[in-house]
Structures are given as C-alpha cells and as structure tokens.
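Let's walk through this structure together, one part at a time. Keep the view open beside the text as you read.

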Amino acid sequence: MKAGFLARLRAARTAGRPVAVLTRLSDGAQHLHPEDELPAALAEAAREALANDAARSLTEEGVSWFVQPYNPPLRLIVVGAVHIAQALVPMAAGLGYAVTVVDPRRAFATEERFGAAVTLVGDWPDEAMQGLAPDSRTAVVTLTHDPKLDDPALEVALRSPAFYVGALGSRRTHAKRLARLAEAGLSEAETARIAAPVGLAIGAVTAPEIALSIMAEIVARRRGAEIGRLRGAEIGKPREAAPAP
Amino acid sequence: MSDQEDILSTAADWLAAGETVALATVVETWGSSPRPAGSQLAVTASGRLAGSVSGGCIEGAVAEAARRSMADGQPQLLDFGISDERAWEVGLACGGKLKVFVEKLDAAA
C-alpha cells in the first residue's frame, strides 16, 4: 500500500465516508471504492462488502481480488448522562462504537464526567435525536428514569431504523412507559422493539455490571446471536429457583 | 470498526516516524479461524506489532514473512494451517485455515 493511498483511505474514514479497499492479490495494486472508477463487477463487490460489513475475496476474469469494507463506526446514543452512562461510555468506545451522550441537564453532561472521547449533546432529547438521526448502524439506550427525557427520545428512536432501542427501568416502570407511548401514538409493533428491562439478565447490580449487560445485549442484537432476551431471562431466574449447588 | 482504524492510524504514525512498516491482512478463512477476513496486523522492521491476524498462533511467522516484503517491496500471499509440504509449518491449533496478504507500506508517493 502506498502512503498516498493510505492517506486517501484515512481521509475518507475521518470524514465518516463508507469506503472499500480493493487489492489485487497477485501484485498488491489497490483501488478505493467509490472514489476510483472500477469495472462493474468489482464496484458491485465493494457495495456488497459495505452492505454486509464483511470483507470478501473474489475472482474476476481469472484475477483474485480482496475487498475490505471500511464503514463508519457503529454509533451508540445514550440518553441520560447518569452513573450507568459513565460505565457504559468507555465500554462502548472500547468495542468500537462512536458514543454520543444526550442530556439537557448541564450538571450531568460534562466532559469531566465523560472525558473527551465522547460527544456530549445538551439539547432536549427529541431535538437531539432528530439531529442525530439514528440509522441501521445505531443503538439507542435511555437511562434517565425520567419520562420527560426518556419518552421523547424513544419516540424518535422507535420510528428510526436503529438496530437496538433499550430503556432502563423495571417491568412496572416499563408497563407505564408503554401506556404513555401508546397514548403518544406509537403502535404496538413499534413499542415492542424496546429492550426492557434493558440488558441481558446476568444478575447485574453495580453500574459497570449493568453497563456490561446492556453492551452484551447490543452486541448480541448486532450479531444476530441466538441468545435472546427471553433466554437471558431464564438464565437470570431468581436464585432460589435454581437447583442447589 | 474502530479496530481497523486504530491499526491503520498506528501504521501511518509509524510510517510518518520513519519506521519501515508492513501490513498483513486476513483475506480468506476456512473452518474455525480465530479472526475473520479483514483482520489486520501492522509490523515494523524494528519489531513493533499492532493488531492481530489470529489468536497469536501465526503472528510470529507473519512478522517474519513481513520482513521479506519490507526488504524487497514485494507483496506475499501466505497460506496457514494447510497440512501439506508447504514451507509454512506453523499451524493453527484450532484446525482453521487462512490466507494472509502481506504488503509493505510504501512511504514514497
């Protein structure tokens, strides 16, 4: 790879543009999709690699190529700059997510509490969420416990293609939330998408443990893992229900 | 994935600092390979490593091969985990097979 090509690739990555590198395996010649003009079959392979977010190799007219997609990072939008968010943010960043924390309460959403690696948004959640426009590579989790803040964020998230929408709160809290969202005009199909109580049932107690259960659920959803929330709920049955050790 | 970005950034930083750098990329896998296609390892002539192309089984051999690409500028396509008379005796304990493309980062141009 030539330094100039690496610079072009990094510039696209920095700008958040999805690009793919095509390498001819016989001699290492490289092209950048979609910036370089390519034969139709190669351009199609690059589009496919980006859509599946998976590298692939192919042989075109007897020549072997390797196609490496570089999608912008997955995004996690956290509503509520609360204690659990402080544990969740570095964990998500470590897993490769670009993290945004939304909280209009200035005392909470401070760089001192979250470091410089995260984007802090102080707008009201509905406005903030519309600006952030969750896409199919975005996860959203609400943590404020306050319907005034959580609900407007959920209303936007549930009407977006976000691949995961989770909301902190007990079953009882969630039942009330569902009633409010129905009243606000969301359909049952839309509200059924909410992961609540949020996270895999690993018996999490502390803020970092809850953050771990949320991240595990997000990863499972993203990867289409069979471990679902129902199965998690079984694993997390109350202690007394489990057989004696 | 930021994983990729970190390795590219690291490789670019090393290059900018005057190191000789090679990049190894998993291009194809069969069976239970530990890292998917697209996984990358950056190596310098001075012995620095970033990223991975396996669970640690073949990084040493890849780094060794990378030295050759760094010396002559020629890319290489390496096969691992194939139990025939290939020069690459380093196998994958997990029984997987994979191909790794090794290229020098060319500071010129």
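Predicted model: local features only at pLDDT ≥ 70, side-chain atom pairs only at ≥ 80, totals over all residues.

Two residues are in contact here if their C-beta atoms, placed from the backbone, lie within 7 Å. The contact takes 20 residues from chain A and 22 residues from chain B. On the chain B side, helix H1 (2-16), strand E1 (21-30) and strand E5 (97-104) each supply at least two of the residues that touch chain A. H1(B) gives the largest share of that side, seven residues. By type, the chain B side divides into 13 nonpolar, four polar and five charged residues.

Now turn to chain A as a whole. Its secondary structure comes to 10 helices and 10 strands, and its C-alpha trace spans about 60 × 50 × 35 Å along the principal axes. Of the 245 residues in chain A, 38% are buried. Among contacts between residues at least 6 apart in sequence, 58% join residues at least 24 apart.

Next, look for the open sheet in chain A. Six strands form it in the order E7-E6-E5-E8-E9-E10, and their pairing is parallel. Strand E7 (119-121) and strand E10 (194-195) of chain A are the edge strands, each pairing on one side only.

How do the axes of helix H5 (residues 125-132) and helix H6 (residues 147-158) of chain A cross? They come within 8 Å and cross at roughly 25°. Angles under 35 degrees count as roughly parallel, and H5(A) and H6(A) are therefore roughly parallel to each other. The crossing in which H5(A) passes H6(A) is right-handed. From H5(A), the residues Pro125(A), Asp126(A), Met129(A) and Gln130(A) meet Leu149(A), Pro152(A), Ala153(A), Glu155(A), Val156(A) and Ala157(A) of H6(A). Seven of the residues in this contact are nonpolar, one is polar and two are charged.

Chain A also has an antiparallel pair to visit. Strand E1 (residues 19-24) and strand E2 (residues 30-33) of chain A run antiparallel and are joined by four bridges, with His31(A) in E2(A) as the bridge partner of Leu22(A). Five residues lie between the strands of this hairpin, in which Gly28(A) takes a positive phi near 80°.

The peptide bond from His33(A) to Pro34(A) is cis, with omega near 0°, and Pro34(A) is found in the loop between E2 and helix H2 (40-52) of chain A. Another cis bond runs from Ala196(A) to Pro197(A), with omega near -10°; Pro197(A) lies in the loop between E10 and helix H9 (207-223) of chain A.

Finally, which loop holds Glu61(A)? Glu61(A) lies between strand E3 (56-60) and strand E4 (63-70) of chain A, and its phi is near 55°, a positive value in a residue other than glycine. Glu61(A) counts as exposed because it has 6 C-beta neighbours inside 10 Å. His145(A), in the loop between strand E8 (138-142) and H6 of chain A, has a positive phi near 70°. With 14 other C-beta atoms within 10 Å, His145(A) is partly exposed.

Methods
Residues numbered from 1 in each chain as written. Chains lettered and ligands numbered in written order. Axes fitted to C-alpha atoms, helices over the stretch in contact; angles between N-to-C directions. Parallel < 35°, antiparallel > 145°, perpendicular 65-115°, else oblique. Left-handed = near helix turned anticlockwise from the far one by under 90°. Nonpolar A, V, L, I, M, F, W, Y, C, P; charged D, E, K, R; others polar. Pairing = 2+ DSSP bridges. Buried ≥ 20, exposed ≤ 12 C-beta atoms within 10 Å, placed from the backbone.
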